[in-house]
Amino acid sequence: RQIALTFDDGPDPEVTPRVLDILDRYGAAASFFCIGERVRAYPRIAAEIARRGHSVENHSLTHPIPFGFYGPTALRREIEGTQRAISEAIGRLPAYFRAPFGIRSPMLEPVIARLGLQLASWTRRGIDTVDGKADNVAGRLWQGLAAGDILLLHDRIGARTADGTPVALAVLPMLLARIKDAGLASVSLTIGCDERAAHPRVA
């Protein structure tokens, strides 16, 4: 009876703290796939994500557009750099990696395997980066929602509602209420985190 709620592209000083407050109100956990350069810019926010019981995961160092065409050396630089940034900010290594834009090349798997990471994609996305209508975004996420789903929202670069609110913030309360009404629980992707923190693989 669990689903995984995930947020990409943060941390963000405007949106991420408000996402954390909403999650607290509903007793929900989530995973935040963070960009390494933003973790370096806002390490206290990354640490706060972890302190509140959510997982902080790897979403590349710079979120480059041509990521899917990178060779092993560039892939390793992007992924390993983020491992270091997150470890320095929160004191533990991520367990999961999500590719920018979800685009993966055949050369990615050996790189993340060597770093002890598992790949995480999604089963449902709200398209909240371009659609500012909260009902539309929420509908994409909960139509047919079932245990085992992985939901994707963004706690940074996102569309805004007509009143200027980041759409993810408008969607999240109604989404969490719907999840609860369906008898589901939102959890973070934490499998193996403790073991990886004890046995870091970053060179």
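Thr123 is found in the loop between β5 (118-119) and β6. Helices (H or I, at least four residues) and strands (E, at least two) are DSSP runs, numbered from the N terminus. This is a predicted model, in which local features need pLDDT of at least 70 and side-chain atom pairs count only at pLDDT 80 or more, while totals for chains, interfaces and linings use all residues. Residues are numbered from 1 along each chain as its sequence is written, and side-chain values use heavy atoms, with hydrogens and water left out.

**Thr123 and its surroundings**

- Thr123 counts as partly exposed, at 47% relative accessibility. Buried means under 20% relative accessible area, exposed over 50%, and partly exposed in between (1.4 Å probe, protein chains only).
- Thr123 touches Asp149 and Ile150, not counting residues up to four places away in sequence. Contact means heavy atoms within 4.5 Å.
- Thr123 and Leu141 are 18 residues apart along the chain. Their C-alpha atoms are separated by 9.1 Å.

**Helix α6**

- Ala134, Val137, Ala138, Gly139 and Leu141 are the buried residues in α6.
- Those buried residues of α6 pack against β6 (124-125), β7 and α7.
- Gly144 follows α6 and has a positive phi, near 75°.

**α6 against α7**

- The axes of α6 and α7 are 9 Å apart, and the two helices pack at an angle of about 45°. Axes are lines fitted to C-alpha atoms, for helices over the stretch in contact, and angles run from 0 to 180 degrees between N-to-C directions.
- The two helices, α6 and α7, are therefore oblique to each other. Angles under 35 degrees count as roughly parallel, over 145 as roughly antiparallel, 65 to 115 as roughly perpendicular and the rest as oblique.
- α6 passes α7 in a right-handed crossing. A crossing is right-handed if the near helix is turned clockwise from the far one by less than a right angle, and left-handed if anticlockwise.
- From α6, the contact uses Ala134, Asp135, Val137, Ala138, Leu141 and Trp142. From α7, Val167, Ala170, Val171, Met174, Leu175 and Arg178 take part.
- The residues of this contact of α6 with α7 divide into 10 nonpolar, no polar and two charged. Ala, Val, Leu, Ile, Met, Phe, Trp, Tyr, Cys and Pro count as nonpolar, Asp, Glu, Lys and Arg as charged, and the others, Gly among them, as polar.

**α1 against α7**

- Helix α1 (residues 16-26) packs against helix α7 (residues 167-181) at an angle of about 15°, with the axes 10 Å apart.
- That angle makes α1 roughly parallel to α7.
- The crossing of α1 past α7 is right-handed.
- On the α1 side are Arg18, Val19, Ile22, Leu23 and Tyr26. They meet Leu169, Leu172, Pro173, Leu176 and Ala177 in α7.
- The contact of α1 with α7 holds nine nonpolar residues, no polar and one charged.

**Nonpolar cores**

- The largest nonpolar core has 36 residues. A nonpolar core is a set of buried Ala, Val, Leu, Ile, Met, Phe, Trp, Tyr and Cys residues joined through side-chain atoms within 4.5 Å.
- Leu5, Phe7, Leu23, Phe32 and Leu172 touch the most other members of the largest core.
- Elements that give two or more residues to this core include β1 (2-8), β2 (31-34), α3 (43-51), α4 (72-90) and β7 (150-154).
- α7 gives the most to this core, with seven residues.
- Leu172 touches Leu5, Phe7, Val19, Ile22, Leu23 and Leu153, not counting residues up to four places away in sequence.
- Another core, of 10 residues, lies apart from the largest one. Phe67, Ile79, Ile112 and Leu115 are among its members.

**Loops and backbone**

- A cis peptide bond joins Gly10 and Pro11, with omega about 0°. Pro11 is found in the loop between β1 and α1.
- Asp9 is found in the loop between β1 and α1. Asp9 has a positive phi, near 85°, in a residue other than glycine. Asp9 is buried, with a relative accessible area of 7%.
- His63 is found in the loop between β3 (55-58) and α4. Its phi is also positive, near 55°, in a residue other than glycine. His63 counts as buried, at 15% relative accessibility.
- Gly27 lies in the loop between α1 and β2. Gly27 counts as exposed, at 67% relative accessibility.
- Gly27 and Leu176 are 149 residues apart in sequence and 9.3 Å apart in space, C-alpha to C-alpha.
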